[in-house]
Each structure stands twice: as structure tokens, then as C-alpha cells.
Amino acid sequence: AGVIYMARFGSATPTFGVGMELNIIAAAVIGGASLNGGSGTILDVCRDLGRQGRGFDLASPRDDVERADARSLPLQDKSVDLVFMDPPYADNLRYSDDERCLGTLDAESGAWQEAMAKVLAEAARALKRGGVCAVFLCDIYKEKQGKRRFLPLGLYLAAAAESAGLLPLDHVAVVRRGKTLESGSGSRQAARDRFLLRGFSH
């Protein structure tokens with residue numbers, strides 16, 4: 001809902017859905033959305049709205065999701081109105097065994113940022129004038145060989161988007177209610193490891 005709102009009106013606010021969470025979840029379930037998420041579910045939304053949509057993934061989980069690398073899409077120049085992507089958060093999770101997978105690239109070395117710059121340049125190429133590119137992304141906090149590091153992937157991507165010629169319409173913060181300082185395992189982890197929690201995704 002937030003992506004459609006942003007694409008239609010060209011703006012958004014991080015508090016737009018506050019207090020409406022249960023209504024939004026109920027509407028999504030009644031509407032047939034999968035609570036499991038996953039690649040290709042936005043194609044179902046396109047069909048329900050009578051819109052044309054194409055989905056791409058290196059590890060295609062469904063017949064209607066085409067196999068393609070986001071750095072080289074089978075799309076004509078200036079041919080789409082909206083590009084929506086939820087890319088791997090660097091090598092935080094394993095997505096596939098494909099060597100081209102962005103989920104194998106490390107943000108600490110800059111390899112992920114370099115690849116995502118190409119992804120955004122490809123999105124800019126495919127977008128019509130006045131088109132919108134919407135990206136959902138989460139920063140990561142890594143501990144490797146006893147060293148802790150916060151990697152602000154959202155900031156890296158914002159800079160890459162500007163370099164690709166994509167101008168920001170808005171920055172939407174998605175609040176993660178389970179990650180609060182008042183209670184929960186997130187609070188205990190913050191106290192144990194002495195770091196501040198990032199309570200939102202981009």
C-alpha cells in the first residue's frame with residue numbers, strides 16, 4: 001500500500017499507517033496476499049489492479065517470474081512507469097547459489113555498492129520520464145572476526161541513486177515494532193552488545 005501511495009502521489013510519510021497495522025494486515029489477507037512474502041507477489045497485485053507488470057529474479061520461484069539479472073534487464077529504454085525492488089541486503093542472507101546473486105556480495109568491500117549502482121542505472125534506463133523507482137532496503141549490523149560494524153545500506157543506495165540520475169521523491173521509514181528499547185530480545189541484545197538499535201527499514 002505504501003509503495004502504491006508513494007508512486008501515485010509522489011510523497012509519503014513514515015507515520016501514514018500508524019494505528020492501522022491490523023486493518024492493513026487484515027485487508028492484505030482478505031485480498032489474497034501471501035503472508036510468506038517472496039519474489040513475484042507484486043505481480044499478483046498488478047493483476048488484481050488490472051495493471052501490466054513483469055517480475056525478474058535470478059532464482060525464479062514462480063513460472064511468471066522471468067529469469068534475469070537486475071543489472072541487465074530485458075526491457076526497452078524508457079518503457080516502464082514504476083520499478084519496485086527489494087534487493088538482497090548485501091551478504092546478510094543466502095538467496096541462491098548463482099554467482100551473479102547480489103546476496104553473495106560484501107558491503108564492507110564495496111562490491112555490493114558497486115553492483116547496486118549498476119542495478120539503479122539499469123532501472124533509470126528502463127524508466128519513462130517521470131517514472132518512479134521504489135526500493136525497500138534494510139541497514140545491517142555485522143559482527144565478523146570479533147569486530148562489529150554498522151553498514152548503512154540505505155545511505156549507500158541513496159547516493160548511488162542520485163549518481164544514476166534518480167531524484168528523491170521521499171524517504172519512508174518503516175517502523176519495526178519488535179525492535180524497541182523498552183522490551184524484547186532486541187533490547188537485551190542492545191544492552192549486551194552495547195549498540196543502538198535501528199528501529200526502521202528504508
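Start by selecting Asp69: leaving aside residues up to four places away in sequence, Asp69 touches Leu58 and Arg100, where a contact means heavy atoms within 4.5 Å. This is a predicted model, in which local features need pLDDT of at least 70, side-chain atom pairs count only at pLDDT 80 or more, and totals for chains, interfaces and linings use all residues. Residues are numbered from 1 along each chain as its sequence is written, and side-chain values use heavy atoms, with hydrogens and water left out.

Stay with Asp69 a moment. Asp69 sits in the loop between β2 (65-67) and β3; helices (H or I, at least four residues) and strands (E, at least two) are DSSP runs, numbered from the N terminus. Is Asp69 buried or exposed? Asp69 counts as buried because its relative accessibility is 14%, and buried means under 20% relative accessible area, exposed over 50%, partly exposed in between (1.4 Å probe, protein chains only). Now show Arg71: the side chain of Asp69 reaches the backbone nitrogen of Arg71 at 2.9 Å.

Next, select α4, residues 111-126. This helix has 16 residues and spans 23 Å from its first C-alpha to its last, close to the 22 Å expected at 1.5 Å a residue (1.5 Å times one less than the number of residues). Colour its buried residues, among them Trp112, Met116, Val119 and Leu120.

Finally, zoom out. The protein chain has 6 helices and 8 strands, and 29% of its 202 residues count as buried.

Methods. A polar contact is a pair of N or O atoms within 3.5 Å; within protein, one must be able to donate a hydrogen and the other to accept it, and residues adjacent in sequence count only if both atoms are side-chain atoms.
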